[in-house]
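Dear colleague,

I am handing over the structure that you will find just below, together with its sequence. Please look through it first, and then read on for an account of what was found in it.

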Amino acid sequence: MKERANELQWQVHLGHDPVPAKVKQKILDDRLVAEEEYKISRGDPKMENEFQRRQTQTSLRPVLRAVGMVPNCKLGFDPYSNDYWLSRHRALKHFREAARKIIIRCRVNSRLILLKKLVENLKRSSASSLKGSTLSFGNNLYQNTEENSLPNLSKDN
């Protein structure tokens with residue numbers, strides 16, 4: 001409801017005067033102030049101070065603990081967070097799969113072209129003229145005899 005009212009507030013209604021420039025500027029300034037307060041409460045560093053800093057701050061004091069004393073904080077070391085070996089092998093696996101896919105597609109395409117040529121040759125010549133003739137298919141030659149005749153591929157059967 002509030003969002004809809006806010007949206008309607010910024011729209012110009014027929015018969016109403018548009019929002020004056022001073023009011024718009026006041027609203028924008030209020031938003032900037034509220035954003036700065038939010039950043040301060042969140043703990044964001046101020047950029048002006050960060051850019052003026054000449055060096056980083058370090059503490060040279062040693063940490064002294066008793067022998068059996070365990071620190072209150074829990075260590076957050078994750079050995080797998082920056083595992084370059086795993087990402088390299090994953091990328092290599094994807095590459096191998098893509099290469100296999102391309103090789104298989106090339107093989108299938110070449111065989112499909114040869115099959116299309118064979119079908120065209122069969123359609124062009126009739127079954128009677130094929131008997132006793134030699135049909136070339138790629139690098140192979142096929143002898144067409146009575147025992148080894150090609151089946152009739154027409155729809156009449």
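A salt bridge is taken here as a side-chain nitrogen of Lys or Arg within 4 Å of a carboxyl oxygen of Asp or Glu. Please keep in mind that this is a predicted model, in which local features need pLDDT of at least 70 and side-chain atom pairs count only at pLDDT 80 or more, while totals for chains, interfaces and linings use all residues. Residues are numbered from 1 along each chain as its sequence is written, and side-chain values use heavy atoms, with hydrogens and water left out.

To begin with the overall layout, the protein has five helices and two strands, and from the N terminus on these elements run α-α-α-α-α-β-β; helices (H or I, at least four residues) and strands (E, at least two) are DSSP runs, numbered from the N terminus. Of the 157 residues, 4% count as buried, where buried means under 20% relative accessible area, exposed over 50%, and partly exposed in between (1.4 Å probe, protein chains only). Among contacts (heavy atoms within 4.5 Å) between residues at least 6 apart in sequence, 12% join residues at least 24 apart. The protein exposes about 15,800 Å², of which carbon and sulfur atoms supply 57%; the areas come from the Shrake-Rupley method with a 1.4 Å probe, and for residues only the protein chains shown count as cover.

The structure holds three salt bridges. In one of them, the side chains of Asp30 and Lys26 meet at 3.4 Å, N to O, and both residues lie in helix H2 (residues 21-42), four residues apart, or about one turn of the helix. Asp30 is partly exposed at 43% relative accessibility, whereas Lys26, at 54%, counts as exposed.

Helix H2 also carries the pair Glu35 and Lys39, again four residues apart and about one turn of the helix, whose side chains meet in a salt bridge at 3.8 Å, N to O. Glu35 is partly exposed, with a relative accessible area of 39%, and Lys39 is partly exposed too, at 31%.

A further salt bridge joins Arg124 and Glu120, with their closest N and O atoms 3.4 Å apart; because these two residues are four apart in helix H4, they are separated by about one helical turn. Arg124 counts as exposed at 64% relative accessibility, while Glu120 is partly exposed at 42%.

Finally, Arg90, Lys93, Arg96 and Arg100 gather in a patch of positive charge on the surface. Patches of charge are made of residues with over 30% relative accessible area and no salt bridge, like charges being joined within 9 Å, with Lys and Arg counted as positive and the place of a charge taken as NZ of Lys or CZ of Arg. Lys93 is found in helix H4 (residues 84-124) and is partly exposed, with a relative accessible area of 47%.

Definitions and conventions: Patch = residues over 30% accessible without salt bridge, like charges linked within 9 Å, V, L, I, M, F, W, Y side chains within 5 Å.
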